[in-house]
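Student: Could you take me through the ligand site in this one, slowly and in one go? I'd also like to hear about whatever else is worth a look once we step away from there.

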Amino acid sequence: MSTKFIINPGGCLRGSLRVPGDKSISHRSIMLGALAEGTTEISGFLEGEDTLATLAAFQTMGVNISRNNGQISIQGVGLHGLKAPNSPLYLGNSGTSMRLLSGLMVGQNFSVEMTGDASLSRRPMRRVTKPLSLMGANISTNADGTPPLKINGNSLQAINYNLPIASAQVKSAILLAGLYANGKTCVTEPAPTRDHTERMLAGFGYSVTRDANTICLQGGGKLQAHSIDVPADISSAAFFIVAACIAKDSELSLTHVGINATRIGIINILQQMGADISLTNQHEVSGELVADIHIRSSQLHGIHIPPQQVPLAIDEFPAIFIAAACAEGKTVLTGAAELRVKESDRIQVMADGLNIIGIKAEATADGMIIQGGKIQGGIINSHGDHRIAMAFTIAALRANETITVTDCANVATSFPNFVKLSQQAGINLSEQ
Ligand code: S3P
């Protein structure tokens with residue numbers, strides 16, 4: 001909790017980096033690998049605290065999983081082979097673990113409780129318990145809809161569900177429960193969200209159909225083990241993409257990054273702001289598009305962020321707000337109320353932090369208005385949110401004094417070697 005980042009001002013980014021594996025894909029690879037028939041080998045797995053929480057949960061439920069430097073081998077137990085855990089599943093900071101697992105746990109023939117850290121214990125869970133209850137699930141939360149989740153597994157009925165919010169976690173929870181349900185489960189999303197669950201189910205030989213914004217699967221099938229190569233996480237790359245845009249004289253390449261169309265809002269938004277970003281070497285691995293991303297410094301300008309880009313960049317706004325702080329003119333974000341219920345209230349915490357470092361930023365109910373300006377030094381509380389800590393780290397590239405960020409230990413949830421890679425790339429970061 002007391003980990004601090006101290007970042008001296010200035011610096012430029014040069015060279016070529018590979019950031020760790022995609023968090024969303026890593027979680028799903030453990031879940032589906034554990035429930036498949038046969039052995040699943042995973043390379044490029046993110047060994048961060050969040051994905052390791054998912055891995056440990058399946059070990060607790062009797063799945064044999066070995067790991068060695070990003071190489072994971074899972075002896076799948078089949079969809080009905082999990083064993084009842086003899087203690088609650090502790091999922092740390094990881095909303096993805098809790099929400100996706102809730103979909104899988106409701107169809108088991110045992111009871112389970114899922115808990116998390118202080119941040120996860122404040123996050124809304126009714127968005128998953130409501131549709132799962134409609135399927136016949138026996139699942140409960142605290143009176144205010146927060147964890148722990150208590151589940152008594154039982155038989156499920158398929159539903160057709162219209163998602164009230166654009167959420168890949170909720171969509172995935174329902175589809176995963178649908179594997180266990182009688183009949184055909186369909187989810188309609190209000191806007192496209194990351195589609196890794198659908199792609200990976202198909203990779204495991206499970207038929208998933210998409211018609212416009214509706215995704216369906218039939219319960220009662222099987223998952224067939226296969227090998228997965230996890231691309232580098234565009235959400236981790238985002239910090240270096242913005243860093244190389246805003247730092248003078250930078251020229252950086254990020255290799256083997258996942259560029260799934262449902263994740264590239266960061267690139268679309270920065271390019272609209274005038275960023276010099278190009279992609280090369282595009283190809284598909286394990287059903288996901290990857291590329292090398294090349295970034296050069298550029299003078300950004302403020303924009304009104306197109307609302308349809310919001311779900312495609314939902315985790316990248318802390319980094320995008322720093323880009324906006326360095327841009328000429330005003331950047332306006334609307335339609336992003338979801339940011340208030342992430343690992344922290346990312347609208348309030350980012351607006352407060354930007355004000356501390358001398359940038360005019362006004363939090364609104366569903367977004368922010370940021371006036372580009374000159375960044376000063378200051379002390380920023382990250383509120384234990386990994387992406388807030390990394391965002392203010394890169395802000396120092398354009399600051400006139402040192403920036404100190406407190407409560408940074410949770411950077412290890414998604415980006416365990418962030419300090420080392422930042423130093424290698426040219427950021428004057430030290431950890432205390
Ligand atoms: C995720 C979906 C997003 C994202 C989270 C990971 C996933 O959450 O913010 O970091 O892996 O499905 P929502 O579904 O709540 O938007």
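Tutor: Let's settle one word before we start: a residue counts as buried when its relative accessible area is under 20% and as exposed when that is over 50%, with partly exposed in between. Keep in mind, too, that this is a predicted model.

So, the ligand site. Which residues are around the ligand? They are Ser24, Arg28, Thr96, Arg99, Ser167, Ala168, Gln169, Arg194, Ile314, Asp315 and Lys342. The space that the ligand takes up is the largest pocket. Three helices each supply at least two residues of the shell: helix 1 (23-35), helix 3 (95-105) and helix 5 (168-178).

Now the polar atoms. Ser24 has a polar side-chain atom 2.7 Å from an oxygen atom of the ligand. With Gln169 the backbone does the work: one of its polar backbone atoms is 2.8 Å from a ligand oxygen. In Asp315, an N or O atom of the side chain sits 2.6 Å from an oxygen atom of the ligand. As for cover, the ligand taken alone exposes 390 Å², and the protein buries 95% of that.

Let's go helix by helix, starting with helix 5. How many of the residues of helix 5 are buried? The count is 11 of the 11, so this helix is largely enclosed by the rest of the structure. Among the buried ones are Ala168 and Gln169, and both of these are also in the list of residues around the ligand. Ser167, another residue around the ligand, caps the N-terminal end of helix 5, with a side-chain oxygen 3.3 Å from the backbone nitrogen of Gln169.

On to helix 3, where you'll find Arg99. Arg99 is around the ligand, and it counts as buried because its relative accessibility is 3%, with the limit at under 20%.

Helix 1 gives us Ser26. It is buried, at a relative accessible area of 0%. Its side chain has two partners to look at. One is the backbone oxygen of Asp22, which the side chain of Ser26 reaches at 2.7 Å. The other is the backbone nitrogen of Leu46, 3.1 Å from a polar atom of that side chain.

Now a step away from the ligand. Arg346 lies in helix 10 (residues 346-356). Is Arg346 buried or exposed? Buried, with a relative accessible area of 0%. Its side chain makes a polar contact with the side chain of Asp385, at 2.8 Å. Met368, in strand 22 (residues 367-371), is another buried residue, at 1% relative accessibility. Met368 and Gly258 are 110 residues apart in sequence, and 28 Å apart in space from C-alpha to C-alpha.

How many disulfides does the structure hold? One. The partners are Cys186 and Cys216, with their sulfur atoms 2.2 Å apart. The link is right-handed, with 110° about the S-S bond. Cys186 lies in strand 13 (residues 184-188) and Cys216 in strand 15 (residues 214-218), so the pair ties together parts that are 30 residues apart in sequence. Both partners are tucked away: Cys186 is buried at a relative accessible area of 9%, and Cys216 is buried at 8%.

Cys408 is in no disulfide either; its nearest cysteine sulfur, that of Cys326, is 19 Å away. At 2% relative accessibility, Cys408 counts as buried.

Notes. Residues are numbered from 1 along each chain as its sequence is written. This is a predicted model: local features need pLDDT of at least 70, side-chain atom pairs count only at pLDDT 80 or more; totals for chains, interfaces and linings use all residues. Side-chain values use heavy atoms; hydrogens and water are left out. A disulfide is a pair of cysteine sulfur atoms within 2.5 Å. Helices (H or I, at least four residues) and strands (E, at least two) are DSSP runs, numbered from the N terminus. Buried means under 20% relative accessible area, exposed over 50%, partly exposed in between (1.4 Å probe, protein chains only). A residue is near a molecule or strand if one of its heavy atoms lies within 4 Å of it. A polar contact is a pair of N or O atoms within 3.5 Å; within protein, one must be able to donate a hydrogen and the other to accept it, and residues adjacent in sequence count only if both atoms are side-chain atoms. Accessible areas come from the Shrake-Rupley method with a 1.4 Å probe; for residues, only the protein chains shown count as cover. On a 1 Å grid over the protein atoms alone, a cavity is a set of points where a 1.4 Å probe fits but cannot get out, and a pocket is an open set with protein on both sides within 12 Å along at least five of seven lines; lining residues have an atom within 4 Å of a point. A molecule sits in a cavity or pocket if more than half of its atoms lie within 2 Å of its grid points.
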